[in-house]
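Welcome, and thanks for taking a look at this one with us. Please open the sequence and the model side by side before reading on.

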Amino acid sequence: MNANSSGSLARILVVDDMATNRALIRAVLDPREFEVLEADSGETALTRIPILRPDVVLLDVLMPNTDGIDVCRRLREQEEFRLLPIIMLTSLGSPDDVVRGMEVGATDYITKPFNAVELTARVRAAVEKKRLTDRLDDTESVLFALARVVEAKDGTTGDHCDRLSHLSVVLGEALGLPFDDLEALRRGGILHDIGKVAIPDAVLLKKGKLDDAEWAVMRQHPSIGAYLCSALRTMRRTVDIIRYHHEKWNGSGYPSGLAGNDIPQLARIFQVVDIFDALSSERPYKPALPREEVARILREETARGFWDPDIVSIFLDILENDPARLDIPANAVRGRDADLFRNLTGDVMEWRDRR
Ligand SMILES: [Fe+2]
């Protein structure tokens, strides 16, 4: 009944160190509807998930070595598994497991000992969700690729978007934000300037100062970007970053002239890392500034009322006491859109760079 239109069964991976638990779930899930796969440890699950490509993961929390919380966290760090339904199997009387699971991005949880009807219903709902997000994923990929086109067109910022994603998430974590907000920050790093796709090249790539009319056009990019992404409900929190990333704490920004806490928090976080990255990167019109100088300018602009002082203070704390966290780790998993774009446009970019 739950086989998809091509007739294939939903693939369910059961991760549990206890063979009896795995067998119990296998006995409950109807083989006409589900193909049940097994992993007997967290490590095995992490190795096999990229190969098996399950539709849903049923993940025991309590396992030796790599437990369910670790497995979930590590899967969510990988772009391709961010939307994979993960149902945590928690023991009755361990409400903390539920909270910890949700914090690292679990989709749902089932308390053991489970009810067979409930287990089937939850798994079936998760399979439906997976099939919807698979379709959604395609739409999102187009938006991300479009954002990369904008980034490449500009051509002066290198890996600006990837750095912004990383820096926003580091700052979001320092502020103790939940998974959904960190995910919105990660996406916002890539998508914030997507609206520039509608800005004419004569304005976008103009060397020298923009006149008033050109500025009026340029200032449309946050609203255009928000409009482009607003059709996707999964982008709801990201849209706030896109729409409000040029507002200022004292109300002097655009497009809405919001001030203080009226500017959504995610946008305020993004602004701080955006200005940090702009100051610390080389641009055609300026060298990369040393970090002490960047910190001084950030403080000065905060005193002038541009940025949220509390967020700046937390960011400066990381900059001064733990600056290595701000560098993208060498083993970071790059977004599928980034690799795709690079592979497809290598010759174009090379031609542009030679000119
Ligand atoms: Fe912008």
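This is a predicted model: local features need pLDDT of at least 70, side-chain atom pairs count only at pLDDT 80 or more; totals for chains, interfaces and linings use all residues.

The secondary structure of the chain comes to 15 helices and five strands. Of the 355 residues in the chain, 47% are buried. Among contacts with a separation of 6 or more, 66% join residues 24 or more positions apart.

**The sheet**

- The five strands make up an open sheet, ordered S2-S1-S3-S4-S5, with parallel pairing.
- At the edges sit strand S2 (34-39) and strand S5 (108-112), each of which pairs on one side only.
- From one strand to the next, the twist averages 25°.
- As background, strands of a sheet pair through backbone hydrogen bonds, in either a parallel or an antiparallel way.

**Strand S3 and its neighbours**

- Strand S1 (residues 10-15) pairs with strand S3 (residues 56-60) in the parallel sense, and four bridges link them.
- Within this pairing, leucine 13 stands opposite valine 57 of S3, while valine 14 has leucine 58 of S3 as its bridge partner.
- S3 also pairs with S4 in the parallel sense, again over four bridges.
- How many of the residues of S3 are buried? Five of the five are, so S3 is largely enclosed by the rest of the structure.
- The burial applies to both faces of S3: Val56, Leu58 and Asp60 are buried on one side, and Val57 and Leu59 are buried on the other.

- Helix H2 (residues 42-52) lies across S1, S2 and S3, and runs at about 165° to S1.
- Helix H3 (residues 68-76) packs on the sheet as well, where it touches S3 and strand S4 (86-91).
- The direction of H3 makes about 165° with that of S4.

- Helix H6 (residues 160-174) has 15 residues and reaches 21 Å from its first C-alpha to its last, close to the 21 Å expected at 1.5 Å a residue.
- H6 is mostly covered, with 12 of its 15 residues buried.
- The buried residues of H6 include His160, Asp162, Ser165, His166 and Val169.
- Glycine 176 follows H6 and has a positive phi, near 75°.
- Arginine 186 is found in helix H7 (residues 179-191).
- Is arginine 186 buried or exposed? Its relative accessible area is 13%, under the 20% cut-off, so arginine 186 counts as buried.
- Leaving aside residues up to four places away in sequence, arginine 186 touches Glu79, Arg82, Ser165 and Val169.

**The iron site**

- Which residues coordinate the iron ion? The donors are Asp193 (OD), His221 (NE2), His245 (NE2) and His246 (NE2), at 2.1 to 2.2 Å.
- Along the chain, the donors of the iron ion follow the spacing D-x27-H-x23-H-H.
- Why is the arrangement irregular? The four donor atoms around the iron ion subtend angles of 85 to 176°, and this range makes the arrangement irregular.
- Histidine 245 is buried, with a relative accessible area of 4%, whereas histidine 246 is partly exposed at 24%.

**Around histidine 245 and helix H12**

- Histidine 245 is found in the loop between helix H11 (236-244) and H12.
- Not counting residues up to four places away in sequence, histidine 245 touches His192, Asp193, His221, Pro222, Phe270 and Gln271.
- Histidine 245 and valine 272 are 27 residues apart along the chain, and their C-alpha atoms are separated by 9.7 Å.
- Helix H12 (residues 265-280) has 16 residues, and the span from its first C-alpha to its last is 23 Å, close to the 22 Å expected at 1.5 Å a residue.
- Because 13 of the 16 residues of H12 are buried, H12 is largely enclosed by the rest of the structure.

How values were computed: Residues are numbered from 1 along each chain as its sequence is written. Side-chain values use heavy atoms; hydrogens and water are left out. Helices (H or I, at least four residues) and strands (E, at least two) are DSSP runs, numbered from the N terminus. The expected span of a helix is 1.5 Å times one less than its number of residues. Buried means under 20% relative accessible area, exposed over 50%, partly exposed in between (1.4 Å probe, protein chains only). Two strands pair if DSSP finds at least two bridges between them. Axes are lines fitted to C-alpha atoms, for helices over the stretch in contact, and angles run from 0 to 180 degrees between N-to-C directions. Contact means heavy atoms within 4.5 Å. Donors are N, O and S atoms within 2.8 Å of the metal (3.2 Å for Na, K and Ca); water is not among the atoms, so sites may look incomplete. Four donors count as tetrahedral if all angles lie between 85 and 135 degrees; four count as square planar and six as octahedral if opposite donors are over 155 degrees apart and all others between 65 and 115; anything else is irregular.
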